[in-house]
Amino acid sequence: GESLKRHGRAQAHDIEHVHIVGAGVMGADIAIWAASKGFRVSLQDREPAILARAVKRAYGFFKSKLKDARAVQEAMDRFMPDLEGHGLKRADLVIEAIVEKVGPKQELFRALEQKVRPQALLASNTSSIPLEVIGESLQDPSRLVGLHFFNPVAKMQLVEIVRGARTSEAALARARAFTGAIERLPLDVKSSPGFLVNRILMPYLLEAVKLVEEGVGVTTVDQAATQFGMPMGPIELADTVGLDICLSVAEELSGPLQVEVPARLRELVAQGQLGRKSGRGFYAYDKHGRRLTP
Ligand code: NAI
């Protein structure tokens with residue numbers, strides 16, 4: 001509650017209101033996490049149903065994590081679903097978490113820049129698109145940083161702070177301070193293919209998909225990984241990330257990291273089987289996202 005809030009403000013003294021665009025797997029959870037740590041948050045998506053789902057998820061999270069009904073109510077008051085993007089003009093920090101595609105991201109930042117305060121820090125949660133490319137549509141790309149969260153946000157401590165060729169030191173410092181204020185660990189990385197984590201993770205996930213393509217059972221692959229000590233197998237992890245996101249990231253990184261995009265991944269995405277979020281990917285899931293045995 002109050003002490004967390006003070007703690008947060010002391011470190012990221014100039015950030016009070018965070019606006020997040022895209023309320024999917026990542027945007028919703030980043031918004032919920034930041035609100036639970038005392039920040040005022042507006043969460044924008046063009047799909048009302050997606051915003052409604054995020055509000056429900058926020059309520060469930062606050063109820064399970066915060067100490068009493070008053071703390072839950074205060075967190076809900078700080079958490080604003082925002083269909084039209086009204087929160088933009090009050091934001092000190094804007095985090096973009098929309099589809100992993102260059103065109104839409106550039107278009108969004110071009111439009112954003114017209115609406116935000118001149119001192120607002122701009123951030124992208126991109127997993128694979130070079131920051132310089134996203135920043136091409138900005139008049140001032142020096143205030144754009146990557147804030148790369150991992151899924152699930154509430155469990156994963158690390159946040160990659162991505163420096164583009166034109167990112168300013170001041171922007172990086174504010175991004176680090178914000179990350180600390182929400183009790184996550186900032187890791188500085190350059191805007192290089194896959195940054196640090198996905199450079200290691202993507203080849204691993206794609207090799208696992210290739211094993212499945214070659215006829216090895218999904219549970220065999222996943223059990224080998226969990227017995228080795230991984231918290232989740234690579235196939236279930238791909239489903240959790242979202243197969244469409246995996247495909248976009250794999251395509252973006254296939255050249256620089258010399259990884260092959262498995263045909264199986266393309267097929268599942270073409271069929272609308274996007275993993276946990278769509279109820280079906282390599283595994284099937286119930287409506288709460290719980291895995292049903294294959
Ligand atoms: P998602 O597909 O779950 O959500 C994207 C949301 O953005 C959708 O709700 C969609 O309606 C909304 N949207 C799209 N265009 C919009 C626009 N112009 N204005 C407002 N809303 C818009 O995607 P997810 O998985 O949350 O990924 C978002 C970003 O985060 C991507 O850049 C991805 O690479 C990155 N990321 C994803 C991770 C994952 O595990 N899924 C992990 C780390 C980063």
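The largest share of the shell around the ligand comes from helix H2, with three residues. Helices here (H or I, at least four residues) and strands (E, at least two) are DSSP runs, numbered from the N terminus.

Before going on, the ground rules. Residues are numbered from 1 along each chain as its sequence is written. The model is predicted: local features need pLDDT of at least 70, side-chain atom pairs count only at pLDDT 80 or more, and totals for chains, interfaces and linings use all residues.

Back to the ligand. H2 spans 25-36, and H5 spans 102-115; each supplies at least two residues of the shell. There are 28 residues around the ligand, and Gly 22, Gly 24, Met 26, Ser 127 and Asn 151 come nearest. Near means that the C-beta atom, placed from the backbone, lies within 6 Å of the molecule or strand. By class, the shell has 14 nonpolar, nine polar and five charged residues. Ala, Val, Leu, Ile, Met, Phe, Trp, Tyr, Cys and Pro count as nonpolar; Asp, Glu, Lys and Arg count as charged; the others, Gly among them, are polar.

The C-alpha centres of the two domains are 27 Å apart. Seven residues of domain 1 and nine residues of domain 2 make the contact. Contact means C-beta atoms, placed from the backbone, within 7 Å. On the domain 1 side, two residues are nonpolar, three polar and two charged.

Next, the sheet. It is open, has eight strands and mixed pairing, and runs in the order S3-S2-S1-S4-S5-S6-S7-S8. Strands pair if DSSP finds at least two bridges between them. S3 (79-81) and S8 (185-190) are the edge strands, each pairing on one side only. From one strand to the next, the twist averages 25 degrees. S6 (residues 144-148) and S7 (residues 158-163) run antiparallel, joined by three bridges. His 148 has Glu 160 in S7 as its bridge partner. Helix H7 (residues 169-181) lies across S4, S5, S6, S7 and S8, and runs at about 175 degrees to S7. For axes, lines are fitted to C-alpha atoms, for helices over the stretch in contact; angles run from 0 to 180 degrees between N-to-C directions.

Two backbone details. Asn 151 to Pro 152 is a cis peptide bond, with omega near -5 degrees. Pro 152 sits in the loop between S6 and S7. Phe 195, in the loop between S8 and H8, has a positive phi, near 50 degrees, in a residue other than glycine.

Last, helix packing. H8 (residues 197-213) meets H12 (residues 263-270) at about 85 degrees, axes 8 Å apart. That makes the two roughly perpendicular. The cut-offs: under 35 degrees is roughly parallel, over 145 roughly antiparallel, 65 to 115 roughly perpendicular, and the rest oblique. Val 209, Val 212 and Glu 213 of H8 meet Ala 263, Arg 264 and Leu 265 of H12. H10 (residues 234-241) and H11 (residues 243-257) pack at about 95 degrees, axes 5 Å apart. H10 and H11 are therefore also roughly perpendicular to each other. Ala 238, Asp 239 and Val 241 of H10 make the contact with Leu 243, Ile 245 and Cys 246 of H11. That contact has five nonpolar residues, no polar and one charged.

Key: Domains from an automatic or database assignment. Contact = placed C-beta atoms within 7 Å.
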